[in-house]
Structures are given as C-alpha cells and as structure tokens.
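Hello,

Here is the structure I promised to pass on to you. My notes on what turned up in it follow below.

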Amino acid sequence: MSTVATPAAPPRRRRRGSKLQRRQTRIGWVLLIPALAVVALVAIYPLGKTIYYSFTNQEFLQGIEPTKWVGLENYRTLWHDTIFRTAVWETVKFTLITVSFEFVLGMIIALVVNSSFKGRGAMRAVMLVPWAIPTVVAAQMWKWMYDDVYGVINDAGVRLHIFSHSHAWISEPSTALGSVCAVDIWKTTPFVALLLLAGLQVIPQDLYEAANVDGASKIQQFWRITLPLLRPAILVALIFRTLDALRVFDVFYVFFGNRPDTQTMAIYAQSTIVGDGHVGYGSAVSVAIFLIIGLFVAIYVTVMRVSGGDD
Amino acid sequence: MKHRALLIVAGLIGAVTLVASLSVAAAGTTRPEAHAAPVKSAAIAPPAVPNAAAIKAKYKGQSIQFIGDAAVGSSHKRDLKLVAKFQHDTGIKVNLLPHPSGSDAAYAQLARAFGSKSSKPDVMMLDVVWPGAFAPYLLNLKPKLGKVSKQFAQGIVQNDTVGGKLVAMPWFGDFGILYYRKDLLKKYGISAPPKTWNDLFTQAKKIQDGEQKTNKNFYGFVFQGNSYEGLTCDALEWVASAGGGNFIDNGKVTINNSKAKTILDAMRNQIGKITPRGVTSYDEEGARNVFAAGNAAFMRNWPYAYAANLTTPVKGKYGVTVLPHGAAGHSVGTVGGWQLGVSKYSKHKDAAIEFVRYMTSPKVQRFNAIFNSNVPTIPSVAKDKQVVKTNPYLTPAIANVARVTRPAKYLKTHYNEGSKDIYQGISQILNGTPAGSVLPGVASKLNALVK
C-alpha cells in the first residue's frame, strides 16, 4: 500500500490511479464487505473451528475429562487408520465410475437434445425429473426397487428371463458399489447434460456449415469443432461432479448405513463425530477429506491452465 | 412466446411424472399396512390423567418437547393419542417429535442435544443401554417418582439407577421373540415350533422348499441382519443361547470363543439358503415387511410386530414363542425396551415430570400393551387378562424366558462405539468372512474401550 517513490530512481511511480479510481475502489470494497462477512461466518468460521478441534481430543459427551490440546496425535492415528484408507479408496472408485459414465451419457444426451426434433422442448423438461427428486427420496425408492424379495427390478428381470434368480444387489459386496453408482448416474446425468447443452448452444452454427462445405464428416466435426469449443463447459461439469462425488453421503447412508465395506469418507467422518462422539478425531478426518478434495481441485485447475493457453 | 403451449405441456408432464414417482416412493411395492389404521387396537381409548385438575392449576400453558417413538408400526400413533389426551386434560402443551427409527441415529440426536446443553427436548425416550452414557445430563427422578418406581420391575429400575440417581423411568420392556407361521407348520406336518437352531434351519428349509414351488419369493427365516444396533441384539441372542457368553462378561471381553464362532458360522452358512441374501440389509421393518407379506416362515423380532402384523395379510396365521437355543445353551431374549427421562437442562422440569408420571402409569402401560403390544414394565399390568389376551407372548412360558443384556454397563459412554465394533464385525461374518478371522479383531477393539 506504499506510495513512496524510491529516491535513487527517477520518480516514475504515479499515485495509485486518479481520485475517481480510488473512490470507485472504495465503493467496490464497501459493497463486497457484507458478502465477504457472510462467507466468513458461514464458511471460514466453521472451517477454522474444525481445524482447531482436530488438534484437540474434544468429545460430544464430555464426561469428566476436560478437552485438551493434543497437537498432531489425531493426525498420527489417522495416518495408520486402515478404515479411513478403505473409505478414501471406496470414494475414489465411486467418483471415477460415476463421473466417467455421467460425462459420456450426458454428452450423448446433450447432443441429441441440441438437435431439432418435434417435442424437443418437452424432452428437455422431462429429462430433468431425476435431478429434481430429492436424493434421499430417490435413494429410498431405488432401495425398494433393488430389494431381493419384493423389488421391481428382480421381479421384472426374472419374468423377462434376464436374470435366472433374484439378486441381492445391495447386500452382495460384488454388486453393492455398482448398484449405488447406478442410482447416482441416473440422478445426475441430466445435470451434466444440462451444463453441456448450455455450452453447445453457444457454438455458432456457421462453423458447422463451413465444415460441411469443406466436406468434413460428422465425427470429424465432433472432434475438431464441438469438443474444443466445449472445453470450458466440460471442465465446469467435471469439476462440479467430481467434487460432489467425493463428498457423497446420502445415497450410501440410505443404502448401507454403517456397513464396514461400503463406507465413504463422508460417512466415516459422520459416524466418528456423531455416532462415536469423537469430535476431535472426526475433525481430523474432516480436515483430511478437505485436503483430498483440495488436491483434486488443484489437479483440475492445473489442467485448465495448461490447456487454456493454447486455444 | 412462440412455444408457450409446448412449454406448458412439458411442464405438466414433468410435474405429473414427479408426483407419480414420489407416490411410488411413498407407497413402495408390497409394503403392508402403510395406510390401514389398526383395527382391533382402536377399540381402546387412552386413559384420563389422574389428578388432572391439580396439574392444570399449576402448569397450564407450559410447553414441553417430547422425543417419542419412531414412526414404526403403530408406535407413533400411540404417542399421538396419549399426548393429545394429556394436553386436553392438563393444558400442558406437548410438542411430539418421533425419533429416528435407527437406534444409533436416535442416540446421536440426544447426544447432540445434551452436548449443546439445549433446553429442548424436555422428555425423551431412552434405550435400555443409554442410562449409563447419558446419566450426567438427566434429572434425578427419585425425589418425585421414587415411591412410584417401587411398583415397577426392579431389574429395570436398577438398570435405570446410575450412581444412586434414578435417571429414567421404565416405560416398556422388550425382548426378542420368534414369530412363526402356524398355518405353514401345520401344512408341512411340523408339530411344534423349533427348539434348537438346527431345528429351525431344518424346519425352515422344509417349508421353504415346499412354498417356493408356487412363490419364488418365499424364504424360511428373516431377522435384523443390517449393520446397525439391531444386529448386536440378534447376534447376542445367537451367541448367548449357544453358550457363548454375552460379548463382555464381568468386565472381561469374551466374544472371541469357539461356541460363538460355531453359531456365527452356522448363521453365515444359511445366508442365501434359508434366508434371503438381502437379509444383511434388513432392519426391524425390513424383516417385518417380508414376513407380513407372507414371504417368510419364521421371523425374529420385537413384540411390537405382533400388533403391527394384525393389519397385514398374515393376520391370524402367526404365533409367537421363545427363540431357539444352541445345543449347549438355553433360550434367551435380548432386553430391549425404552425408558423415559427428563433433561437436566429443561426449563419446565416439573411439568415434564408430570408427563413422565402419566406416561409410565399402570393405566397407560395397559393401554400401550393393548394398543401397540408393548411389554409393560409393571408386573401387575403384565398379568392383566386383556393384556395377556392381546399379547400372547406375555404368557408365562414365553415371558419368563431368560433375558440377556447388551454390554452397556461395561462400555458406559463408549457403548455406541463398542456396539459398532460388534455389529460391523458380525456384518462382515454374515456377508461371507469366517468368524475365526473377524472375532479376534472385534475383541481387541472392545478391550481398548473397556479398560
């Protein structure tokens, strides 16, 4: 904030803008401060508190022991916690499966809905219905559909001879992750499709007309025109979905509860803090989750910066 | 706008689809009794509040919050009736909230309230394993209700007395029982329900093989196999009835023994054979849904299911008895049951105590027993003729079964965590891992908590 000109060099430094500019900067700050204050209260304060708790042995039900500072002990325990490691791996698997399927299916749907056909408007509205249903309601619905005694999926599959017998999709460890991924893909593909559709609509039609004149095939047009121009929308969609998938909780909780082999990071944090009452250790788990997600964000941002340069 | 009509149509289609899918979600497929009001049980009305005029004079207009039973079976309906009567007679406003149906979630809800020293809820339902953990946050009821507590089953009163303070009043007792299809036993020439677990497996297989010829969804045995507190109760019955101890006996962790291993492996081997493979995700209502739709021959559940099944297709076709036992043991039932406590931080302690006094009174316990087949905690009520008539499991042969308790006494504030170690371990076993490789890990985790 200093406006001191260095004495040796010729005073080339001007004052910080003109009077008008300074006034406008001040007004800008005044208008921003309320929003920043809300963000600080709602996001920074809880985050700070969580980081603080992670260095203590705070418990929900205190008993006789007072809370004390334990330094890095929670993190040392976390490093050796195999359950947490399994949870992280489970979450990453879930993220990779769902994001890739949602991206591919979302792209296909967006391309279809982008073209002109009768009933396109209706299609665009109807395709959003899965996204509109609250996640917990959708999860409970699917849980009943997957049931191996009275579920509709097994009933229809057996009658149509697709399956030889009822499968316990949720209980069998081999199909558990798949069944949960299917629910999430069903629910959020419309969201990805919508984001990509918005990106598609911005691409000018004359590019395609010019490509047609030059004799390019549809596939060449897709790879050479659509994808590159869609890159910002793709990255937005991928970042949204990856971050959401890493924090997944509701559908796993409704399907599996506290089952040891299907815990995600968020479920493990919840069960540690709320179920066991270990607020200190659970906060360390939460901070670790925060850092892992931060790592993914950093990867995406780097990819964006690298590719953003050459277009 | 050019396409206004089209957009309106699309919006309507979307709205209709949304409502349709939400109705499917709400109704389920073959879930019984979702909308039927209880038939027999509606005949009894909640009793009047004794001493209502005096209570009204002192506490009228105060409002308390009561965290009551989950919306399971007719339990919430029972609470609504009792709360309405109490409000009407005494003028004390009671805000009734059902607690989550999972016991661990209900525990977490109360832990949050106590941890933040909240003045609400004033009165809450406490599972039989919680008084030890929540004692520092509960009001001592001995001064006002100590005399009344002498007519209750003293074993439960002792369970609710921590450090000399009576921290909760017993509300209803619960114990695990075996439900069986009388009609199917007769159909397949089985003279009596099974006495040992091996008998159960044999009988279940026989009935299942016969019934699956016409009903592909029929299974022999359902129970609470999901990874939650209910599994600790079921597993305790298996292990204790096979002579394998009570997980923690006399302060020592005993879960890792050969008898426990044998019975748990036996159960593991039956998953997918006489039980549906999905039984490892069933809670109380999950198992009851299968039995009540006529798709199971045997079910392990709590007494509440007796009244709840009266409005389902299996009405009149089922009977109850004690659970089977292992070769070397005897029949047991895990003690469940709920108590009512008053929060130390409540702003209307006396009004709350009057509410607890009413809810645990003999007349209301009799109402609970007849309306919702809740086991009374006052011995004289349990002998009432009409109570026994509507609750066949209160006949001495069943009601006198040996009770086993979960190790809350030894785990104290770590009960939730210890129970989680147990039920996650048992869940792994049921899902295919041999007991021998799981039990040592569970034992060492429990050892860390008990010391």
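Let me begin with the domains of chain B: domain 1 covers 40–174 + 336–400 and domain 2 covers 177–335 + 405–450, with bounds that come from an automatic or database domain assignment. Please keep in mind that this is a predicted model, in which local features need pLDDT of at least 70, side-chain atom pairs count only at pLDDT 80 or more, and totals for chains, interfaces and linings use all residues. Residues are numbered from 1 along each chain as its sequence is written, while chains are lettered from A and ligands numbered from 1 in the order in which they are written.

The C-alpha centres of domain 1 of chain B and domain 2 of chain B are 28 Å apart. Between them, 25 residues of domain 1 of chain B are in contact with 27 residues of domain 2 of chain B; contact here means that the C-beta atoms, placed from the backbone, lie within 7 Å. On the side of domain 1 of chain B that touches domain 2 of chain B, α4 (103–115) and α5 (131–134) of chain B each supply at least two residues. The largest share of that side, three residues, comes from α4(B). Helices (H or I, at least four residues) and strands (E, at least two) are DSSP runs, numbered from the N terminus.

Now for the sheets of chain B. Six strands make an open sheet with mixed pairing, in the order β2-β1-β3-β14-β6-β15 (chain B); two strands pair if DSSP finds at least two bridges between them. Its edge strands, each pairing on one side only, are β2 (93–98) and β15 of chain B. Helix α3 (residues 75–90) of chain B packs on this sheet, where it touches β1 and β2 of chain B, and its direction makes about 170° with that of β2(B). Such angles run from 0 to 180 degrees between N-to-C directions, with axes as lines fitted to C-alpha atoms, for helices over the stretch in contact. Within the sheet, β1 (residues 63–68) of chain B and β3(B) pair in the parallel sense over two bridges, and F66(B) stands opposite V123(B) in β3(B).

A further open sheet has four strands in the order β8-β11-β7-β12 (chain B), again with mixed pairing. Here β8 (219–222) and β12 (318–321) of chain B are the edge strands, and the twist averages 15° from one strand to the next. Helix α12 (residues 284–292) of chain B packs on this sheet, touching β7, β8 and β11 (296–301) of chain B, with its direction at about 155° to that of β11(B). Strand β7 (residues 177–181) of chain B pairs with β12(B) in the antiparallel sense over four bridges, and Y179(B) stands opposite V320(B).

How many residues of α20(B) are buried? 16 of the 16 are, so α20(B) is largely enclosed by the rest of the structure. (Buried means 20 or more other C-beta atoms within 10 Å of a residue's own, exposed 12 or fewer, and partly exposed in between; C-beta atoms are placed from the backbone.) G432(B), which follows α20(B), has a positive phi, near 130°.

A few backbone details may interest you too. Most residues other than glycine have a negative phi, and most peptide bonds are trans. The peptide bond from K120(B) to P121(B) is cis, with omega near 5°, and P121(B) is found in the loop between α4 and β3 (123–127) of chain B. S373(B), not a glycine, has a positive phi of about 40°; this residue is buried, with 27 other C-beta atoms within 10 Å. H161(A) also has a positive phi, of about 60°, without being a glycine, but H161(A) is exposed, with 7 other C-beta atoms within 10 Å.

Finally, the two chains: their contact takes 32 residues from chain A and 44 residues from chain B. The chain A side has 19 nonpolar, eight polar and five charged residues.

Best wishes

How values were computed:
Nonpolar A, V, L, I, M, F, W, Y, C, P; charged D, E, K, R; others polar.
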